[in-house]
Amino acid sequence: MTIPISYYLLLSGILFIIGVIGVLTRRNAIVIFMSIELMLNAVNLTFIAFSKHLNSLDGQIFVFFVMVVAAAEVAVGLALIVAIFRLRESVYVDEINIMKW
Amino acid sequence: MPTLFFVFAILAIASAVMMIAHRNPIYCALFLIVTLFALAGLFVLLNAPFIAAVHIIVYAGAIMVLFLFIIMLLNLKSDIAKERPGRWMQFLGILLAAILFVQLGFILQSRDANFLDESAALGTPVQVGDTHTIGQLLFTKYLFPFEAASVLLLSAIIGSVILAKRKVE
């Protein structure tokens, strides 16, 4: 017996929603970044589930590229957090209002 | 196979919930690592052993070490007073996420979602994403995106060095 693809899609949706809740309710910028990583991984799960479902490897290649973009995003994002922490001594997003008019 | 799927799925969801619920950022990072390992197990179940290995190496090995390093470098303590969002904000966030989830459910339930029935043709050999096949695709059909990804990584390296090095006045 194999797992139907809808189970994987449901799991991926739940993980994505957990990531959305993390982004919307947490205030620590680093935890928000981790929630974004969780959302990217939920999408990766969808890609691989469809890759198996359609018997095609293109989805796995796309996961590879999503990983590349996620790594680049984390490097730049953490550098930004370090730079803002030097300026403001805080990583809580409601205290960082440099761009607020 | 089905038991393994449910074990990994429950592990992934439980540690993801713990990740967004825990106050201490270090524990959040550790729970995220558990989620990533569970997802790697699911990737193995889905005929993608190469992606699973790369996932563990890149995410659990590199990205999460970077996260933990930054958390410890900035010496973040779990600040309860600052971390607790207002009740109104928390309610609104969860409500918006629930609306998004319902929308996803509608897409899956809709009549246009017939891609779920269209299964792979029987008789064709099952494609397993091991190093050989992935590498062959990556260096023939997807050669240009592969090179573009390397340029992206290079620019990210340079950008993060410049951002983190300069003292902001």
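Visitor: How many residues does the largest nonpolar core have?

Guide: This is a predicted model, in which local features need pLDDT of at least 70 and side-chain atom pairs count only at pLDDT 80 or more, while totals for chains, interfaces and linings use all residues. Residues are numbered from 1 along each chain as its sequence is written, and chains are lettered from A and ligands numbered from 1 in the order in which they are written. A nonpolar core is a set of buried Ala, Val, Leu, Ile, Met, Phe, Trp, Tyr and Cys residues joined through C-beta atoms within 7 Å, where buried means 20 or more other C-beta atoms within 10 Å of the residue's own, exposed 12 or fewer, and partly exposed in between, with C-beta atoms placed from the backbone. Ile30(A) and Phe43(B) are among the residues with the most contacts inside the largest core, whose residue count is 63.

Visitor: Which helix supplies the largest share of this core?

Guide: Helices (H or I, at least four residues) and strands (E, at least two) are DSSP runs, numbered from the N terminus. At least two core residues come from each of α1 (5-25), α2 (29-53) and α3 (58-88) of chain A, and likewise from each of α1 (2-21), α2 (25-45) and α3 (49-74) of chain B. The largest share, 12 residues, belongs to α2(A).

Visitor: Which residues of chain A does Leu32(B) touch?

Guide: Two residues are in contact if their C-beta atoms, placed from the backbone, lie within 7 Å. Leaving out residues up to four places away in sequence, Leu32(B) touches Met19(B) and Met64(B) in chain B. Its partners in chain A are Met34(A), Glu37(A) and Leu38(A).

Visitor: What is the radius of gyration of chain A?

Guide: Chain A has 3 helices and 0 strands. The radius is taken over C-alpha atoms, and the globule rule is 2.2 Å times the number of residues to the power 0.38. For 101 residues that rule gives 13 Å, and chain A is well over it, so it is more spread out than a compact globule, with a radius of gyration of 17 Å.

Visitor: What share of the residues in chain B is buried?

Guide: Chain B has 7 helices and 0 strands. Of its 169 residues, the buried share is 22%.

Visitor: Is Ile96(A) buried, partly exposed or exposed?

Guide: Ile96(A) is found in the segment after α3 of chain A. Beyond four places in sequence, Ile96(A) is in contact with Ile84(A), Arg88(A) and Ser90(A). With 17 other C-beta atoms within 10 Å, Ile96(A) is partly exposed.
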